[in-house]
Amino acid sequence: MAVICNGSLSSIFRPCLVTEFVNSGTKKRCRIACGATNESWSITERYHEYQNRHLLPVDKLYRVDDYERKLDSVRRLLVDSTEEENLILLDAIQRLGMGRHFQEEIHTILNQNYVKNNTIYGCYSLHDVSLLFRLLRHHGYDVSSEVFNNFKGEDGKFRGDLRRDITGLLELYEAAQLSFQGEKILDEAEEFSTKLLHRYSADCKNRTFADRIITRLKYPCHKTITRLTETNFLTDFGTTNNRWEKPLKELAEVDFLVGKSVYQEELLQVSKWWDGLGLTRELKLARNQPLKWYTGSMAILINDISLSKQRIELTKSIAFIYLIDDIFDLYGTPDELAIFTEAVDKWEYAAIDTLPEYMKMSYKALLDTTNEIARMIFEKHGHNPINTLKETWASLCKAFSVEAKWFAGGDLPRAEEYLANGKVSSGVHVVLVHLFYILGLSGTQNQGAILLIENSTLISSVAAILRLSDDLGSAKDEQQNGKDGSYIEYYMRDNDGLSFNQAREHVINMIASEWKLLNKECFDINQFSAELSFYREACLNLARMVPLGYSYDDNQKLPVLEEYVNLMLKPKPYK
């Protein structure tokens with residue numbers, strides 16, 4: 001079914017790309033994790049063709065009463081299905097991005113399974129145990145990975161007969177993606193299932209089926225935004241149920257149309273805001289990509305269609321990360337950048353007079369926009385977070401300054417020093433702190449500060465995943481001349497005699513470790529908080545965008561992302 005969210009965002013939101021700008025004949029690499037691309041933004045250009053035309057109204061796309069009937073139809077399926085069917089149906093609903101409609105039903109089903117089956121997993125198949133484990137852990141239930149010992153033989157290894165259970169191996173692989181540090185059995189499960197699934201896909205004569213297995217290995221549901229990468233996984237892997245397929249697809253179609261209308265309207269508002277600032281008329285080399293920036297916030301908050309204002313405001317902070325990065329990369333001299341960083345640290349309109357002429361408009365727009373976001377938060381939630389928000393911008397500029405000095409002066413850092421600074425220069429801290437307050441999680445000033453401290457590991461892990469993935473991608477770029485810096489380069493410098501492949505494998509393992517830390521922060525029962533669960537899921541979505549930002553085809557395009565953006569965000573005029 002083509003209309004279900006099949007695809008993904010595109011060469012448009014590249015959270016971690018290597019980019020080159022040409023400025024006075026000199027190529028400069030973008031240092032921010034949310035990097036620019038060196039290709040033309042044809043999608044953006046096509047979008048502007050429609051900017052002044054009307055969008056098709058929501059009520060022309062679907063009928064509200066019909067939407068409710070389709071929701072009720074799926075609710076009845078959840079009530080009437082067997083226990084085993086319910087788990088598969090629940091998983092399908094969540095993969096299609098429709099879980100928000102059925103929170104009560106999902107909680108009831110999982111709670112019943114948790115209470116009933118907590119000690120008798122051994123009675124179930126590998127597929128069912130793996131699926132139940134993943135669903136329970138994802139929703140904050142206290143489940144032990146030791147349950148998978150039931151599938152080991154006397155030698156302590158996973159049983160050989162499991163190699164024939166392809167659907168079970170796929171679910172075992174998926175379950176292993178939610179591992180915590182120290183869960184050796186899940187490490188073994190991932191290695192075991194990955195090896196067998198790759199072998200099976202290589203030998204499988206049904207290439208369509210084999211390709212779908214490879215897609216699941218490349219995009220495990222926990223580490224990607226599944227509505228962008230999967231469509232008919234029920235039929236793909238033999239778990240189809242004709243009683244489910246029609247109502248699920250019908251609801252997914254309408255849900256998609258609702259999202260499409262909302263997202264297009266939000267994008268129009270973002271584009272009008274950005275154009276109204278007029279900053280790219282002043283800084284002609286700076287990126288002018290509101291579609292790209294909005295795609296990021298859309299993905300982060302994709303789990304709740306009602307958060308229109310929040311997505312728009314978050315996009316504004318993403319836009320300024322790009323703008324400031326361009327000021328540092330394309331315009332500023334060392335002295336000018338030092339003045340700009342000092343002005344951001346002061347956060348005073350009077351500092352405008354100290355800036356070069358080309359920086360003044362951007363500096364004022366940054367203060368205006370951030371102050372307005374803080375005012376909006378105060379009016380809605382009763383606390384003004386401006387002090388914390390401005391600190392994130394000051395930290396970002398200081399991190400950019402540090403990198404500028406490294407790359408300009410040749411005084412190269414050690415790998416760990418580079419990474420610590422690179423996590424800040426990724427822009428992740430700016431985005432996720434703004435998101436924290438935009439979602440109204442601050443409470444009082446002290447409560448907000450405490451909650452942010454408690455979530456600092458989460459933010460740090462997301463930033464590390466972006467930064468390390470950026471450098472992992474950069475290392476493959478033949479155009480890089482070694483002067484731009486990467487963790488791999490510095491790690492090899494710190495460890496004399498280490499090969500490139502060894503350093504690359506080390507970085508891959510570091511990314512895997514950061515995912516385990518992220519999982520612990522989000523899903524450990526001792527860390528679980530209903531109040532913060534949505535925020536943490538949004539943070540996960542930012543990390544989940546990273547694999548999608550590197551899924552290049554042979555033409556150096558990102559077809560999964562590009563298909564979704566074209567499908568979801570490209571407006572069509574109507575008469």
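Which residues lie nearest the centre of the second largest pocket?

1. In this predicted model, the residues nearest the centre of the second largest pocket are Gln94, Gln103, His138, His139 and Glu537, and the lining as a whole is made up of 38 residues. The space in this second largest pocket comes to about 1000 Å³.

2. The elements that contribute two or more residues to the lining of the second largest pocket are helix H4 (83-95), helix H5 (103-117), helix H6 (126-138), helix H10 (226-229), helix H24 (500-523) and helix H25 (530-548). The largest share belongs to H25, which supplies 8 residues of that lining. Sorted by class, the lining holds 15 nonpolar, 14 polar and 9 charged residues.

3. As for the overall fold, the secondary structure of the protein chain consists of 26 helices and 2 strands. The chain has 575 residues, and 56% of them count as buried. Among the contacts with a separation of 6 or more, 74% are made by residues 24 or more positions apart. The protein chain exposes about 24300 Å², and carbon and sulfur atoms account for 49% of this area.

4. On confidence, the mean pLDDT of the protein chain is 82, with 80% of its residues reaching 70 or more. The pLDDT is below 50 over residues 1-50, although this stretch has 205 contacts in the model beyond near neighbours in sequence. Residues 477-483 also have a pLDDT below 50, and for this stretch the model gives 9 contacts beyond near neighbours in sequence. Where pLDDT is low, the predicted coordinates should not be read in detail.

5. Two individual residues may be checked against the structure. Val402 belongs to helix H18, which covers residues 386-409, and Val402 counts as partly exposed because its relative accessibility is 30%, a value between the 20% and 50% cut-offs.

6. Lys184 is part of helix H8, residues 184-203. With a relative accessibility of 58%, which is over the 50% cut-off, Lys184 therefore counts as exposed. Between Lys184 and Glu146 there are 9.5 Å in space, taken C-alpha to C-alpha, while in sequence these residues are 38 residues apart.

Methods
Residues are numbered from 1 along each chain as its sequence is written. This is a predicted model: local features need pLDDT of at least 70, side-chain atom pairs count only at pLDDT 80 or more; totals for chains, interfaces and linings use all residues. Side-chain values use heavy atoms; hydrogens and water are left out. Helices (H or I, at least four residues) and strands (E, at least two) are DSSP runs, numbered from the N terminus. Buried means under 20% relative accessible area, exposed over 50%, partly exposed in between (1.4 Å probe, protein chains only). Contact means heavy atoms within 4.5 Å. Accessible areas come from the Shrake-Rupley method with a 1.4 Å probe; for residues, only the protein chains shown count as cover. pLDDT is the predictor's confidence in each residue, from 0 to 100. On a 1 Å grid over the protein atoms alone, a cavity is a set of points where a 1.4 Å probe fits but cannot get out, and a pocket is an open set with protein on both sides within 12 Å along at least five of seven lines; lining residues have an atom within 4 Å of a point. Grid points are joined across faces, edges and corners, and a volume is the space filled by probe spheres set on the points. Ala, Val, Leu, Ile, Met, Phe, Trp, Tyr, Cys and Pro count as nonpolar, Asp, Glu, Lys and Arg as charged, and the others, Gly among them, as polar.
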